Amino acid sequence: MMNEVPRFVTQARASHLLGIPEEELRRISQESGLGRVERAGNEEQTYFTYEELRQLLMLALNQKQIRH
């Protein structure tokens, strides 16, 4: 059971996996409504499912094509 794949990834990990700066990932996430924000006291962390990562990547690619 130690080799289980996590169901969610953090925003920092998603940024690394997708090759997108965290600021841009945060913006796309907020605009699209993708991701889940968890709050604990004063701290806040955004998590994504792997399906959401796929959707975020598609959105990022589309936005990049529009800009060029």
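**Exercise 1.** Which residues line the largest pocket?

*Solution.* Start with the basis: this is a predicted model, where local features need pLDDT of at least 70, side-chain atom pairs count only at pLDDT 80 or more, and totals for chains, interfaces and linings use all residues. Residues are numbered from 1 along each chain as its sequence is written, and side-chain values use heavy atoms, with hydrogens and water left out.

Step 1. Define the term. On a 1 Å grid over the protein atoms alone, a pocket is an open set of points where a 1.4 Å probe fits, with protein on both sides within 12 Å along at least five of seven lines; lining residues have an atom within 4 Å of a point.

Step 2. List the lining: Gln11, Ala12, Glu22, Arg26, Ser29, Gln30, Leu34, Gly35, Val37, Glu44, Gln45 and Thr46.

Step 3. Sort by class. Three lining residues are nonpolar, six polar and three charged. Gly counts as polar here.

Step 4. Assign elements. Helices (H or I, at least four residues) and strands (E, at least two) are DSSP runs, numbered from the N terminus. α1 (11-18), α2 (22-32) and β3 (43-49) each give at least two lining residues. The largest share, four residues, comes from α2.

Step 5. The largest pocket holds about 220 Å³, taken as the space filled by probe spheres set on the points.

**Exercise 2.** Is Gln11 buried or exposed, and which residues beyond its sequence neighbours does Gln11 contact?

Step 1. Apply the cut-offs: buried is under 20% relative accessible area, exposed over 50%, partly exposed in between (1.4 Å probe, protein chains only). Gln11 has 7%, so this residue is buried.

Step 2. Leave out neighbours within four places in sequence. Gln11 then contacts (heavy atoms within 4.5 Å) Glu22, Leu25, Arg26, Gln45, Thr46 and Phe48.

Step 3. Contrast Glu31, in helix α2. Its relative accessible area is 55%, so Glu31 is exposed.

**Exercise 3.** What is the strand order of the sheet?

*Solution.* Step 1. Two strands pair if DSSP finds at least two bridges between them. The order in this open sheet of three strands is β1-β3-β2, with antiparallel pairing.

Step 1. Find the edges. β1 (8-10) and β2 (36-40) each pair on one side only.

Step 2. Inspect one pair. β2 and β3 run antiparallel over five bridges. Arg36 faces Tyr47 of β3.
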